[in-house]
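I set out to record what I looked up in this protein chain. The entries run from the overall fold to individual residues.

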Amino acid sequence: MTVERKPFWARCGACGHCWVAAYTPMPALTFARVVGKARCPMCGGRAFVAKQDDGALREGQGAEA
Ligand SMILES: [Zn+2]
């Protein structure tokens, strides 16, 4: 049995960069630990949840708002 992994997108609050912070499904506690510690790979800024729909990013990956 193969579980389909879906990316969970994070967005940097400082520079707007979007990246995959985790893949789901993942145990809830592990997910909280991974995403809670996520930092922007571009500038080290705090991660926020990006607009996304079923694993597809709904906003630009660049630095625009
Ligand atoms: Zn950043």
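My entries on this chain follow.

**Model and numbering.** I worked from a predicted model, in which local features need pLDDT of at least 70 and side-chain atom pairs count only at pLDDT 80 or more, while totals for chains, interfaces and linings use all residues. I numbered residues from 1 along each chain as its sequence is written.

**Overall fold.** I looked up the secondary structure and found 1 helix and 5 strands, taking helices (H or I, at least four residues) and strands (E, at least two) as DSSP runs numbered from the N terminus. Read along the sequence, they give the pattern β-β-α-β-β-β. The radius of gyration is 12 Å, close to the 11 Å of the globule rule for 65 residues, so the protein chain is as compact as a globular protein of that length. I took this radius over C-alpha atoms, and the rule as 2.2 Å times the number of residues to the power 0.38. The C-alpha trace spans about 40 × 20 × 15 Å along its principal axes.

**Burial and core.** I noted that 15% of the 65 residues count as buried; a residue is buried if 20 or more other C-beta atoms lie within 10 Å of its own, exposed if 12 or fewer, and partly exposed in between, with C-beta atoms placed from the backbone. The largest nonpolar core holds 8 residues, namely Trp9, Ala10, Cys12, Cys18, Ala21, Cys40, Ala47 and Ala50. Such a core is a set of buried Ala, Val, Leu, Ile, Met, Phe, Trp, Tyr and Cys residues joined through C-beta atoms within 7 Å. Strands E1 (6-12) and E2 (18-24) each give two or more residues to this core, and E1 supplies its largest share, 3 residues.

**Strand pairing.** I checked E1 against its partners, counting two strands as paired if DSSP finds at least two bridges between them. E1 and E2 pair in the antiparallel sense over 6 bridges, with Ala22 in E2 as the bridge partner of Phe8. Their hairpin has 5 residues between the strands, and Gly16 there takes a positive phi near 85°. E1 also pairs with E3 in the antiparallel sense, over 3 bridges; Arg11 stands opposite Phe48 in E3.

**Cys43 and Cys12.** I located Cys43 in the loop between helix H1 (28-36) and strand E3 (47-49). Cys43 counts as partly exposed because it has 14 C-beta neighbours inside 10 Å. Cys43 and Cys12 are 31 residues apart in sequence and 8.4 Å apart in space, C-alpha to C-alpha. Not counting residues up to four places away in sequence, Cys43 touches Cys12, Ala14 and Cys15, where contact requires C-beta atoms, placed from the backbone, within 7 Å.

Note on methods. Two residues are in contact if their C-beta atoms, placed from the backbone, lie within 7 Å.
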